[in-house]
Amino acid sequence: MSLISLSHVSKTYPNGHQALVDVSLAVDPGEVLAIIGPSGCGKSTLLRTVNGLEPVDAGSIVVNGREVTSGATKLKDVRSDVGMVFQSYDLFPHLTVMENLLLAPKVVQGADQAEARERALGLLERVGLRAKADARPRELSGGQKQRVAIVRALMMQPRALLLDEITASLDPEIVREVLDVVVGLARDGMTMLVVTHEMSFARAVADRVAFMDAGRIVELAPPEEFFAAPRTERAQRFLNQLVF
Ligand code: ADP
């Protein structure tokens, strides 16, 4: 059974722009789906609909058996199932790394503090940042902040992660350290929807690639197939424009 499924989802912004057009998609547990396509094609909107950050006009979205698009579903429950990491890390600057990590489990889940702290230390260890538990965000590099943001999402023990261009604001030489964390999560079986401009990363980590154009998924294929022989003219043009 799919962990995430979208069925005929459409979304038009109040300004009249149709960002998603009849999108259907099913993601299996443990699957990593890379979502790629030209700027403005709806990638970020698609991710945001999956955890209820963006309401849809038509269609339904079910995550872990819960219908996100039903008014009866508590978004708090959806967001415990699905963590999200953004391009901007949005850590609270006045709080330490540990305080940033303990905030949501405490406020949203009412988690036991000692247990949450242990979990935080274990996750920080895993991303190579245990020694930074008491540091403040300004003392960290961009790559370190983004790794903390990933840990913050993992603190909620989500069933799936949505990653929205998480390396886009990083210097090229530190992109690798963040991508390595994502590769590790993929190996451990985390289900992920990954919006990325890093084609080599999509190729390496994704089980399937969804290529979007003008609000639609126009190709959905394993990376080796998609990158070697894109079927649509639009995808061929997109790939030809990229500098590898
Ligand atoms: P991508 O992530 O592929 O760059 P987005 O999902 O961010 O694309 O945006 C898809 C389209 O919807 C773009 O044309 C964008 O300008 C528009 N859009 C995104 N967010 C909003 C919004 N809050 N209000 C109006 N239009 C929006």
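Author: A salt bridge is a side-chain nitrogen of Lys or Arg within 4 Å of a carboxyl oxygen of Asp or Glu. This is a predicted model, in which local features need pLDDT of at least 70, side-chain atom pairs count only at pLDDT 80 or more, and totals for chains, interfaces and linings use all residues. Residues are numbered from 1 along each chain as its sequence is written, and side-chain values use heavy atoms, with hydrogens and water left out.

Reader: How many salt bridges does a search of the whole structure find?

Author: The search finds 12. Take Arg147 and Glu177, whose side chains meet at 2.8 Å, N to O. Arg147 lies in helix α5 and Glu177 in helix α6, so this pair ties together parts 30 residues apart in sequence. Helices (H or I, at least four residues) and strands (E, at least two) are DSSP runs, numbered from the N terminus.

Reader: Is Arg147 buried or exposed?

Author: Buried means under 20% relative accessible area, exposed over 50%, and partly exposed in between (1.4 Å probe, protein chains only). Arg147 counts as buried because its relative accessibility is 11%. Glu177, at 26%, counts as partly exposed.

Reader: Which salt bridge does Glu115 form, and how far apart are the closest N and O atoms?

Author: Glu115 bridges to Arg119, with the closest N and O atoms 3.1 Å apart. The two are 4 residues apart in helix α4, so about one helical turn separates them. Glu115 is partly exposed at 39%, whereas Arg119 is buried at 14%. In helix α6, Arg176 and Asp180 are also 4 residues apart, separated by about one helical turn. Their closest N and O atoms are 2.9 Å apart. Arg176 is partly exposed at 47%; Asp180 is partly exposed at 41%. Shared partners also join Lys11, Arg48 and Glu54 into one salt-bridge network.

Reader: Now the core. Which residues touch the most other members of the largest nonpolar core?

Author: A nonpolar core is a set of buried Ala, Val, Leu, Ile, Met, Phe, Trp, Tyr and Cys residues joined through side-chain atoms within 4.5 Å. The largest has 44 residues; Leu101, Ile150, Met155, Leu161, Leu163, Leu185 and Met192 touch the most other members. Elements giving two or more residues include α3 (97-109), α5 (142-154), β7 (160-164) and β8 (191-195). The largest share, 9 residues, comes from α6. Apart from this core lies another, of 26 residues, among them Leu6, Val23, Ile35 and Ala160.

Reader: What is Met192 in contact with, leaving aside its neighbours within four places in sequence?

Author: Contact means heavy atoms within 4.5 Å. With those neighbours left aside, Met192 contacts Glu31, Val32, Leu33, Leu161, Leu163, Val182, Leu185 and Ala186.

Reader: In what order do the strands of the open sheet run?

Author: Two strands pair if DSSP finds at least two bridges between them. Here 6 strands form an open sheet, ordered β6-β7-β8-β3-β9-β10, with mixed pairing. β6 (82-85) and β10 (216-221) stand at the edges with a single partner strand each, so one side of each has no neighbour in the sheet. The twist averages 20 degrees from one strand to the next. β9 (residues 208-213) pairs with β10 in the antiparallel sense over 5 bridges. Met212 stands opposite Ile217 in β10.

Reader: Which strands does helix α1 lie across?

Author: Axes are lines fitted to C-alpha atoms, for helices over the stretch in contact, and angles run from 0 to 180 degrees between N-to-C directions. Helix α1 (residues 43-50) lies across β3 (32-36), β6, β7, β8 and β9, at about 150 degrees to β7. Helix α9 (residues 233-241) lies across β3, β9 and β10, at about 100 degrees to β9.
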